[in-house]
Amino acid sequence: MSGNILIRAENVRKSFSGKEVLKGIDLEIRKGEVVVIIGPSGSGKSTFLRCLNLLEVPTGGHIYFKDVDITDKNVDIDLHRQKMGMVFQHFNLFPHMDILRNMTIGPEKLLKQTAEEAEKYAMELLERVGLADRAHAYPSQLSGGQKQRIAIVRALCMRPEVMLFDEPTSALDPEMVGEVLQVMRDLARERMTMVVVTHEMGFAREVADRVVFLDEGILMEQNAPEEFFGNPCNERLKSFLGKVL
Amino acid sequence: MGNFQERFYLNFIKDDRWMYMWDGLKITLEVTLFATLLGIVLGFLVAIIRSTYDRTGKMKIMNALCQIYLTVIRGTPAVVQLLIMYFVIFGSVKGVSKILVAVLAFGINSGAYVAEICRAGIMSIDIGQMEAGRSIGFSYTQTMWYIILPQAFKNVLPALGNEFIVLLKETSISGYIALQDLTKGGDIIRSRTYDAFMPLIGVAFVYLVLVLGFTKLVSMLERRLNQSER
């Protein structure tokens, strides 16, 4: 691996029916780093994140994960996705399975763990996020905050090397945002590599190692949070921060 | 024409005439059962091909073939399809089983309707479910199998049950190829006794009981599937 770079996006472009949403983005994510991506809605930040695990296939450029070009058509993307956990805005838990099954189906079917192994680790994780007592509940019985915490530990069950968060708190009632951010904060403390698209500026300032500003499909500025928020250079970033802070 | 009891005796008891209906019922159920199975398998495959095409743009040629199948089957009467199956496709086959012909004709017919029901079911599942499955590392097929189809099946169960009922009643045209199903059985009785009322009402009654029983079964199954989620 070149240095300790886990993901390298190289000139990533994406168009939807002729409209270019990403106009050539370069970004490197190092192991153990927390990168927060912010930007106005429609800036392409979610699209970019979804390109990282190829949920959106870029129309141009390359994504390297551990030095493997995963945009190459001959690469088995399913294998690489196992190592890239993803958390969605709308949780996307499987409603026909209980919480434990939501968490164990991946490890059992893909990592070939036994039911005992998978359940043991799942229960450990549930314990950590304080939801062990809901192991046999169904997603419809949980609050939004609980669902999102489950979605996070479901992804962790696969023992990923990086976690991608796509606006994880945007669909939550305000009083539930805190509990989800707390889980993410703990994760960052354990040096999990994280790429987070969010509108939570407080979280970005406090947890991020690096903050990235995307606007109109272009990476406008990236910096450590103190510099980024304290001394922004880009004019668009200045006006964006002026509006949201 | 005598009183009810006499007519009942004449049409059903005398010379064991009820046996015509009983034997016919067995054939009706046999044809319905196997045609349903065939229809579900066919419909299922077509639905998967069509929704894969809708969602990913893959399987273009297969999708086109499925389109033709759906158009032809849904655009022509079942009784014509049955006749074509017997007199054209199997026309030169001596001693072909009429039950087999009926199962094929009704199964292929039902498959077209099941396909559209299943496709609607698959498309009704939020795209986020597919994304969540894929993001864990499941392949498209695995995500379909473990995540999308179980949910889709639950959603379409009432419609599938309805399709089964439609098929059960549709088999009453089996007489067109001289297959002695329930309806034909009643017809034979009529030709023996010159009484239309008793055998026809009898046949109608048996269909009704079958449909009611089956409706009950489906709603029980539905309730059980829903329990697992509450």
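Biologist: Which residue of chain B forms a salt bridge with Arg50(A)?

Modeller: This is a predicted model, in which local features need pLDDT of at least 70, side-chain atom pairs count only at pLDDT 80 or more, and totals for chains, interfaces and linings use all residues. Residues are numbered from 1 along each chain as its sequence is written, chains are lettered from A in the order in which they are written, and side-chain values use heavy atoms, without hydrogens and water. A salt bridge places a side-chain nitrogen of Lys or Arg within 4 Å of a carboxyl oxygen of Asp or Glu. Here the closest N and O atoms are 2.6 Å apart, and the partner of Arg50(A) is Glu131(B).

Biologist: Which helix gives the largest share of the side of chain B that touches chain A?

Modeller: In contact (heavy atoms within 4.5 Å) are 20 residues of chain B and 24 residues of chain A. Helices, taken as DSSP runs of H or I with at least four residues and numbered from the N terminus, contribute here: H6 (127-136) and H7 (140-170) of chain B each supply at least two residues. The largest share, eight residues, comes from H6(B).

Biologist: How many residues does the largest nonpolar core have?

Modeller: Such a core joins buried (under 20% relative accessible area, 1.4 Å probe, protein chains only) Ala, Val, Leu, Ile, Met, Phe, Trp, Tyr and Cys residues through side-chain atoms within 4.5 Å. Among those with the most contacts inside the core is Phe48(A), which touches residues including Ala9(A), Leu22(A) and Leu214(A). The largest core has 54 residues.

Notes:
Buried < 20%, exposed > 50% of the residue type's maximum accessible area, 1.4 Å probe, protein only. Lists of a residue's contacts leave out its neighbours within four places in sequence.
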